[in-house]
Amino acid sequence: MALSEYSTRLLGAYAEQPFLMAPMAGVTDPAYRIMCRRRGAHLAYSEMVSVAGLAYASNKTWRLVLPADEEQQICVQLFGSKPDQFASAVAAVEERVGDRLSLIDINMACPARKVVTKGEGSALMRTPELAEQIVEAAVGAAHVPVTVKIRKGFYAEDRNAATFAQMLEGAGAAAVAVHGRCATQLYTGQADWSVVDEVADAVEIPVIGSGDVFSAEDAAERLRSSGASAVFIARGIYGNPWVFGDARALALDGTPVPVRSSVERLGALREHLTLTHELLPLMSRARTYASWYLKGMPHAAAWRAQVVRCSTYEEFMALVDDIERDVVACEAALAAGESVPAHPLEA
Ligand SMILES: Cc1cc2nc3c(=O)[nH]c(=O)nc-3n(C[C@H](O)[C@H](O)[C@H](O)COP(=O)(O)O)c2cc1C
């Protein structure tokens, strides 16, 4: 079977940058996407958004979907269970996002209880006929590629990703992403990449692999050793917006992944806080992000206890200055063979 124009176009994009910023509710907001794009991410996904009433949604909901001014492209992920709502949501997204819309992705992978109990997300892997109607409705309405993200199966014993992906391909999906866990596993246990290979063997359309890609090295290794044409990086972006550029340089040019100094990482945290302040502004998210950047730094636990007390941009920025002074002093002491000084608040 010849590949469709959309699948061929996606394969071209994956060859250019095979590491994609995976959709993550509560994480992949415009600020995080820009942090990663400035360091080598290309295809990046919105947080998932419900198709129910999207066409008439508030600006707050549309903020989950629309790219920031600096973003050249966006992949928008939709979830729901009603084919006609997908058709109207696709039309509304195309109208609002315009020519920066790279593709529409349909979520058939989310295991969250409030989603699954409505027959949405990963529950659709148990209702393949409805899933097929949803893809057909979205493809019929779309002027961009429609892709689908699935899991290994709903229950472990289902393991129906390969046959399900064949159905999606027949319904017009231009690519399929596979997270190698079943839905009931949530995010526990290990991702099973043999299911990614099973799907890649079963379909002609490009396959994106997902699961336990925590570093640039993991990402490059998964691309090399699996049948996937592209690899999703999800939790691997925590505190590491460089991961896309690093993985690409390693996989395509063999460039070793650089070690980043604490000062460079704190500089990125300042940039991330500023973007969050300007674009969202949701400083509650910044508490989580800040903790991720502190990983492995001296006195990280004590500084995290301070981070959770911050609520304004100014408080965050002042705290990062304190952290930097302390980290520089600790690292200088270690380099001189001396013991690490006490945390400033405990001294
Ligand atoms: C906090 C969080 C939010 C997520 N939200 C979404 C989502 O909205 N849509 C989706 O398809 N997958 C979502 N995922 C799943 C990821 O895209 C990815 O498939 C999964 O985390 C496995 O990759 P990893 O083990 O490398 O993190 C989410 C994962 C996490 C940890």
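**View 1. Arg 159 in a loop of the predicted model.** Arg 159 is partly exposed, with a relative accessible area of 32%; partly exposed lies between buried, under 20% relative accessible area, and exposed, over 50%, as found with a 1.4 Å probe and the protein chains only. This residue belongs to the loop between S5 and H7. Helices (H or I, at least four residues) and strands (E, at least two) are DSSP runs, numbered from the N terminus. Although Arg 159 is not a glycine, its phi is positive, about 35 degrees. Most residues other than glycine have a negative phi. This is a predicted model, in which local features need pLDDT of at least 70 and side-chain atom pairs count only at pLDDT 80 or more, while totals for chains, interfaces and linings use all residues. Residues are numbered from 1 along each chain as its sequence is written, and side-chain values use heavy atoms, with hydrogens and water left out.

**View 2. Lys 152 and its polar partner.** The loop between strand S5 (146-151) and helix H7 (161-171) also holds Lys 152. Lys 152 is buried, at a relative accessible area of 15%. Its side chain makes a polar contact of 3.0 Å with the side chain of Asp 192. A polar contact is a pair of N or O atoms within 3.5 Å; within protein, one must be able to donate a hydrogen and the other to accept it, and residues adjacent in sequence count only if both atoms are side-chain atoms.

View 3. An oxygen atom of the ligand lies 2.9 Å from a backbone N or O atom of Pro 23. Gln 77 places a side-chain N or O atom 2.7 Å from a nitrogen atom of the ligand. A polar side-chain atom of Tyr 187 is 3.3 Å from a nitrogen atom of the ligand. The protein buries 90% of the 610 Å² that the ligand exposes when taken alone, by the Shrake-Rupley method with a 1.4 Å probe.

**View 4. Val 213 and Phe 232.** Val 213 is placed in the loop between strand S7 (207-210) and helix H9 (216-225). With 4% relative accessibility, Val 213 is buried. The C-alpha atoms of Val 213 and Phe 232 are 7.6 Å apart, although 19 residues separate the two in sequence.

**View 5. Lys 82 and His 299 in their loops.** Lys 82 lies between strand S3 (74-79) and helix H4 (83-97), in a loop, and is partly exposed at 43% relative accessibility. His 299 is found in the loop between helix H12 (283-293) and helix H13 (300-307). The phi of His 299, a residue other than glycine, is positive and near 60 degrees.
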